[in-house]
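Dear colleague,

Please find below the structure that I am handing over to you. My notes on it follow directly after.

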Amino acid sequence: VVSFDSPTAFRETAAMHVLANRPMTSSHGKKVLAKELNMWEGANCYYCVGGERKKYISYKGVLSNMIPPNWGKNDWLFSALLHLVAMATITDRILILPHILLRDNYFSGWQLLDVNSLLKFTDWRESDFLNNPRIVFHEDTTFAQAKFTQNEIMYGKISSEGEIEDFTVMENQLPPNATRGSVHQHRMNIWGTLVETSISSADVLYVEFGTDFEMHEKRCFKRNFEADKLEDTSCKKTGVVESLITDVYEATRWCKVQDIYKIIFKARRLIVHMDCYSNIEIERTVRAQQESKKNLRIAERERQKEEEKGMLKK
């Protein structure tokens, strides 16, 4: 039996209890954390890759906003994650959530995105999925990668030696003052590459965004500090953001960066309710309790006022 908030376990480990400051807060958080720590056994060939099974899409490397010109731009990073969900939906692939470098700290995609809401569009895997020792690759498993920049699309298959084969570069320019039509064509070219070229048959497809890739979708994540969460204040209104991406954004739930850091700095460790779903549900529960107590206080004051009025009449 292993008990710790970041345990070291082996295949022989019989049971695990993730200890944290509130260990029984979220069973969902425990499950997600167990997967990320390579302690989830899985079922129904959860760790199978290749053959006739469903294909995967993954971000190549670490998704980060720490590289200029996107240094510190959280909206660029959130928009990239939104793009990945849209790509997984269009290609009918399982999304392997990316490792994320944000403000000099490493996160997983499930800390920014509610994975339960993600299931409306596609299945998902934890960030460390492909590094899990339980992974079983079919002997014919194929890999490919694609990189998207502001003006080009680069893609090719990955050989068994890790070399890029049939490397192709396509022009895909997006002017600085983009219109609805130019953004639409730019995104259509990207999605077309994923489903209509030689890389579409790959079992595992790695994608990457160049640092110059303009995320027009960042307007979906424009902050409204008076709101309960990241609100869609201009995603639909401008008409620039592709409708599919708008639909994905509206149907999924996202966590604010400041809420994640609030938890981290308080706990100083990885805890089970730090996944986005649990974070949102806990906040909703707390607010409901606060509202209930507030209503009780108001009712009590009203009752006291009525009693005082009755006493004055006597």
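Strands β7 (residues 99–102) and β8 (residues 105–108) run antiparallel and are joined by 4 bridges; helices (H or I, at least four residues) and strands (E, at least two) are DSSP runs, numbered from the N terminus, and two strands pair if DSSP finds at least two bridges between them. Within this pairing, H99 stands opposite S108 in β8. The hairpin of β7 and β8 has 2 residues between the strands, and R103 adopts a positive phi near 55° there.

Please note that this is a predicted model, in which local features need pLDDT of at least 70 and side-chain atom pairs count only at pLDDT 80 or more, while totals for chains, interfaces and linings use all residues. Residues are numbered from 1 along each chain as its sequence is written, and side-chain values use heavy atoms, with hydrogens and water left out.

The protein has 7 helices and 14 strands. Of its 314 residues, 46% count as buried, where buried means under 20% relative accessible area, exposed over 50% and partly exposed in between, with a 1.4 Å probe and protein chains only. Among contacts (heavy atoms within 4.5 Å) between residues at least 6 apart in sequence, 68% join residues at least 24 apart.

Strand β12 (residues 152–158) runs antiparallel to β13 and is joined to it by 6 bridges. The bridge partners in β13 include E165 for K157 and E171 for E152. These two strands form a hairpin with 5 residues between them, and G162 in the turn has a positive phi of about 85°.

In helix α5 (residues 243–251), the buried residues are I245, T246, V248 and Y249. They cover an arc of only 160° around the axis, which places them on the same side of α5; the arc is that of the directions from the helix axis to the C-beta atoms. Their cover includes α2 (74–91) and α4.

Helix α1 (residues 27–36) is largely enclosed by the rest of the structure, because 8 of its 10 residues are buried. Among them are V32, L33 and K35. Just after α1, N38 takes a positive phi of about 60°.

The aromatic residues were also examined. The whole structure holds 12 aromatic pairs: rings of Phe, Tyr and Trp (its six-membered ring) pair if their centres lie within 6.5 Å, and planes under 30 degrees apart count as stacked, over 60 as edge-to-face and the rest as tilted. F209 and F213 form a tilted pair, 5.1 Å centre to centre with 55° between the planes, and both residues are buried. One aromatic cluster consists of Y46, Y47, Y56 and F129.

A charge sits over a ring if NZ of Lys or CZ of Arg is within 6 Å of the ring centre and within 35 degrees of the ring normal. The charged end of R125 sits over the ring of Y46, 4.0 Å from its centre, and that of K35 sits over the ring of W124, 4.7 Å from its centre.

Yours sincerely
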